[in-house]
Amino acid sequence: MLPHLAARLFGTPLLVNRAKLDIIIAAIGQRLGLAAPAVQLALPPPRQATPAPTGIAVLPIHGTLVKRTLGLEAESGLASYEQIGRQLEAALADPQVAGILLDVDSPGGETGGVFELARAVRAATKIKPVWAVANDAAFSAAYAIASSASRLIVTETGGVGSIGVIALHIDQSVKDANDGYRYTAITAGAKKNDFSPHEPLDDAARAELQTEVDRLYDLFLGHVAAMRGLDAATVRATEAGLFFGDKAVAANLADAVMSLDAALASFAATINPQGRSRSPARAQSQVGCASLLEEP
């Protein structure tokens, strides 16, 4: 499983906070033959489900985000867009659910699947109210999802942002030589061996990877601008920075600062002001939701 994980980390654009990427590399690096981690990293214990008022479904978006876990379960610190999408569909189909709250604590992750899920969240807001809480982190891919909610709240110590794209290439050719290995690739097609870790990244491959990073960056900027009602230049000016608490609200990247419990209480009062749900979706909740993940 580790070589597969390495292929999803290196030579491919990611929507992940750089600090978390360094931690991931440190955690698996020794087993991949890279530099040994400076510290012994322990996996965080599984988070307990958040109690919610009646009528509110809380969807946890915790850990590093991937399109599919492929056997790397939640205990490994991964969450999949597919699983989150299924939970969203189930909440929309449940007639007892009047509102959906995304409990987000994630540094981001893979690009594949994130914008499909983010668009599904925005489509869901037209059926039932969807709020998101950065509790305590909604960075990069996680922010793409959270920004799609109809209301985005950040905790006092929480942060949002990291609206950027990063790709890493590992050149281990010197290590190969020191270990007595020399790799020879026999290929057909000039680009077939691009991004090989066994040789330096050439200028043409670097330019191609930069082009894809820039394309995804423009897509990310446009998505956030549309979700938050901002212009793309304003979002670009964040320069993938992190915004915490009141600063996130001042930058129009979040709507309010409050704890998760306070957000749940406020949400409950909004959807059920006199003890009766006023969700506009109650009659529509039985409509098939699988198509949400495929909306353009």
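Helices are DSSP runs of H or I with at least four residues, numbered from the N terminus. The structure described here is a predicted model.

**Helix α7 and its ends**

Helix α7 covers residues 203–228. At the start of the helix, a side-chain oxygen of D202 comes to within 3.2 Å of the backbone nitrogen of A204. At the other end, α7 is followed by G229, a residue whose phi is positive, near 70°.

The buried residues of α7 are A205, L209, V213, L216, Y217, F220, L221, H223, V224, A225, M227 and R228. Which elements do the buried residues of α7 pack against? They pack against strands β1 (14–16) and β8 (151–154), and against helices α4 (114–124), α5 (141–146) and α8 (232–236).

Side chains of opposite charge can pair when their charged atoms come close. With a cut-off of 4 Å between a side-chain nitrogen of Lys or Arg and a carboxyl oxygen of Asp or Glu, the count comes to six salt bridges.

| Pair | N to O distance |
|---|---|
| R215 and E212 | 2.9 Å |
| D218 and R236 | 3.0 Å |
| R228 and D255 | 3.0 Å |

R215 and E212 both belong to helix α7 and are three residues apart, about one turn of the helix. An α-helix has 3.6 residues a turn, so residues three or four places apart point the same way. R215 is partly exposed, because its relative accessible area of 47% falls in the range between 20% and 50%. E212 likewise counts as partly exposed, at 28% relative accessibility.

The salt bridge between D218 and R236 has its closest N and O atoms 3.0 Å apart. Since D218 lies in helix α7 and R236 in helix α8, this pair ties together parts that are 18 residues apart in sequence. D218 is partly exposed, with a relative accessible area of 44%, and R236 is also partly exposed, with 37%.

The side chains of R228 and D255 meet in a salt bridge at 3.0 Å, N to O. R228 lies in helix α7, whereas D255 lies in the loop between α9 (246–250) and β11 (256–257), so the pair ties together parts that are 27 residues apart in sequence. Is R228 buried or exposed? At 15% relative accessibility R228 counts as buried, because the threshold for burial is under 20%.

Strand β2 (residues 56–62) is mostly covered, with five of its seven residues buried. It pairs with strand β5 (residues 99–106) in the parallel sense over seven bridges, and within this pairing I61 stands opposite V104 of β5.

A polar contact joins the side chain of N135 to the side chain of D103 at 3.0 Å. N135 itself lies in strand β7 (residues 130–139), and at 14% relative accessibility N135 counts as buried.

Definitions and conventions:
Residues numbered from 1 in each chain as written. Predicted model: local features only at pLDDT ≥ 70, side-chain atom pairs only at ≥ 80, totals over all residues. Heavy atoms only, no water. Helix = DSSP H or I, 4+ residues; strand = E, 2+ residues; numbered from the N terminus. Buried < 20%, exposed > 50% of the residue type's maximum accessible area, 1.4 Å probe, protein only. Polar contact = N/O pair within 3.5 Å; in protein donor to acceptor, adjacent residues only side chain to side chain. Expected span 1.5 Å × (residues − 1). Contact = heavy atoms within 4.5 Å. Pairing = 2+ DSSP bridges.
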